[in-house]
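Let's take a walk through this structure together, one neighbourhood at a time.

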Amino acid sequence: MHRPDPPQTIARLVGKPRASITEVLEARALANGERTFVLEAGRAFSYSESWDLSCRVAGFLRSLDIQGQTNCVASFLSKRSEGLWCWFGTLLTGAVHACLNWEHRGDLLADMTNRTGARLMFTEAAGWAQLSGLKLTGIDTVVFIDSIPPGVAALGLKVYTLEQALQNDAPDITHPEPGDVASLIFSSGSTGRAKAVLLPHNMFTRGGARLAESQGLDESDIIHDTSPLYHIAGQLHNTSMTLLAGATLAIFPRFSRSRFFAQVNEVGATYMGCFANVLRYLMSDPERSDDAYNTLRYVMVAQTREAESEAFAQRFGVTTLDSYGMTEGEPLTLPDPQNMPPASCGIVNPDFEIAILDDAGNRLGCGESGRIVFRPRVPDIMMRAYAGDDQATVKAWRDLWFHTQDIGKLDQDGYLYYVDRLKFTIRRKGENIIPAELEQVVRTHPAVEDCVAVGVPTDDGDVDIKLFAARVPGTDLQGDDIRRFVTGKVARFMVPQIVVVLDELPYTPAGKIDRDKL
């Protein structure tokens with residue numbers, strides 16, 4: 001099998017086809033030192049300053065003998081620039097960085113913290129309010145980004161401020177190998193307990209370079225960034241892509257519907273990534289004559305619907321894109337701004353091979369929906385393992401393919417189309433039903449605003465299809481209207497037995513219908 005050509009960006013920066021995150025950061029500091037890397041709340045950090053701050057954090061960690069792949073450093077931080085210096089500084093010691101979800105609380109937060117095996121944690125005063133009462137088995141050192149809360153020192157912990165940590169001199173730098181583990185990221189846990197995914201440096205640098213090159217991003221671009229650093233989008237899509245492009249990362253603590261376009265125009269942002277709910281929030285505001293007068297060029301939006309994406313692009317004068325991937329392997333597809341087919345997630349990343357399989361593991365043809373599987377074509381571009389879970393690691397691989405939990409299809413030109421999560425598939429009377437295919441038909445009814453289909457067990461051990469539909473305001477949509485509408489448009493076994501019409505459906509923060517509430 002022909003090995004794909006490496007991204008040219010990495011070769012130009014470091015003179016070789018593979019690199020660690022820290023090698024790229026140092027190369028940027030040497031080549032583009034005065035260029036702004038990070039903007040946040042009126043503060044600007046150049047590439048040189050970012051390198052220096054990261055090196056000082058590394059010097060501090062090494063003074064505590066925290067270094068090497070057997071060590072992990074945790075952070076529990078809100079969205080802020082200091083999180084980057086903690087991440088990069090950890091990597092400069094050769095250790096692994098584990099960024100914890102700022103929204104987690106209680107036993108779940110304690111479980112994730114303990115599973116990292118970290119001795120040291122970076123946090124802030126607001127975070128300590130969530131951590132202080134938890135049973136944390138390994139943490140013996142806490143570094144506060146802002147200020148030390150009262151009473152912490154009395155707990156027998158070694159306590160520092162980031163200001164103290166930054167007083168250390170930069171150590172003699174020895175970069176990690178591209179195949180070394182850089183990050184431990186907890187998966188979303190949408191199919192069970194969240195898995196601790198170990199990701200190598202080369203995945204971030206090569207993936208970031210592929211994204212930057214596929215979209216033509218360079219030093220003139222400014223990335224509007226609200227993606228948390230505990231998410232693969234924050235670490236790879238935004239930060240690593242910015243680093244490889246030599247662009248600027250404009251950090252905002254959270255998405256603000258009322259301030260979004262003011263923020264974009266204030267910093268001159270040319271690019272942003274988001275979930276589909278952000279598009280819906282912005283589209284719900286009344287139209288203005290100056291909607292298209294903004295500096296954005298591209299909006300990367302995950303798994304939005306074609307009609308929503310097109311309407312947003314036309315109203316705000318931007319190009320909407322998508323790509324497909326997951327924590328375990330990212331990006332699996334690349335956006336193609338010039339030739340992106342409607343509703344596609346982009347073209348297959350040349351660093352990966354993707355196939356669509358049926359239930360028996362046979363390859364399906366172009367346009368046929370089935371399980372998405374993938375495997376790497378080059379070393380060190382996907383997860384090493386699930387930490388502490390060998391069984392889950394082995395289970396994810398069958399017949400030399402990594403099996404995702406997603407349904408999709410490929411066209412003849414190599415573009416991937418995401419369909420739905422595999423767990424949402426309904427098996428009724430011996431037939432596999434993909435809810436998204438039924439929902440796509442139902443949404444064409446003029447009185448249907450949105451809908452979702454689920455399977456519900458019957459007394460005879462089979463499953464019925466239950467469809468929840470939100471009516472367009474002002475209409476008198478009834479369940480029988482929908483049943484009559486889809487009859488003849490879908491197979492008989494796909495016609496829903498139960499239809500519930502509501503004024504609105506519940507959504508998750510990511511903009512997806514909240515099936516659990518329904």
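This is a predicted model: local features need pLDDT of at least 70, side-chain atom pairs count only at pLDDT 80 or more; totals for chains, interfaces and linings use all residues.

Helix α14 itself spans residues 435-442, and because six of its eight residues are buried, the helix is largely enclosed by the rest of the structure.

Is Y418 buried or exposed? Its relative accessibility is 19%, and buried means under 20%, so Y418 counts as buried. Setting aside neighbours within four places in sequence, Y418 touches Q303, Y324, C345, D406, I407 and G408. Take G408 from that group: 10 residues separate G408 from Y418 in sequence, yet their C-alpha atoms are 4.4 Å apart in space. The side chain of Y418 also has a polar atom lying 3.3 Å from the backbone nitrogen of R421.

Now let's move to another helix, α4. Its residues are 82-92, and 11 of the 11 are buried, so α4 is largely enclosed by the rest of the structure. The buried set includes charged E82 as well as W85, W87 and F88. After the helix comes G94, with a positive phi near 85 degrees.

How do α2 and α4 cross? The axes of α2 (residues 21-31) and α4 come within 9 Å, at a crossing angle of roughly 110 degrees. That is why α2 counts as roughly perpendicular to α4. The crossing of α2 past α4 is left-handed. On the α2 side the contact is made by I21, T22 and L25, which meet W87, F88, L91 and L92 of α4. Sorted by type, the residues of this contact are six nonpolar, one polar and no charged.

The side chain of W87 makes a polar contact of 3.2 Å with the side chain of S183, a residue of strand β8 (residues 181-186). With a relative accessible area of 0%, S183 is buried. Beyond its neighbours within four places in sequence, S183 is in contact with W87, V96, H97, V197, L198, L199, F204 and Q235.

Finally, a few backbone details in the loops deserve a look. Between β14 (319-321) and β15 (333-334) is a loop that contains P331, and the peptide bond from E330 to P331 is cis, with omega near -10 degrees. Further along, D380 has a positive phi near 60 degrees although it is a residue other than glycine. D380 sits in the loop between β18 (370-376) and β19 (385-386), and it is buried, with a relative accessible area of 14%. D399 also has a positive phi, near 55 degrees, and lies in the loop between β20 (397-398) and β21 (401-410). Here the relative accessible area is 64%, so D399 is exposed.

Definitions and conventions: Residues are numbered from 1 along each chain as its sequence is written. Side-chain values use heavy atoms; hydrogens and water are left out. Axes are lines fitted to C-alpha atoms, for helices over the stretch in contact, and angles run from 0 to 180 degrees between N-to-C directions. Helices (H or I, at least four residues) and strands (E, at least two) are DSSP runs, numbered from the N terminus. Angles under 35 degrees count as roughly parallel, over 145 as roughly antiparallel, 65 to 115 as roughly perpendicular and the rest as oblique. A crossing is left-handed if the near helix is turned anticlockwise from the far one by less than a right angle, and right-handed if clockwise. Contact means heavy atoms within 4.5 Å. Buried means under 20% relative accessible area, exposed over 50%, partly exposed in between (1.4 Å probe, protein chains only). A polar contact is a pair of N or O atoms within 3.5 Å; within protein, one must be able to donate a hydrogen and the other to accept it, and residues adjacent in sequence count only if both atoms are side-chain atoms.
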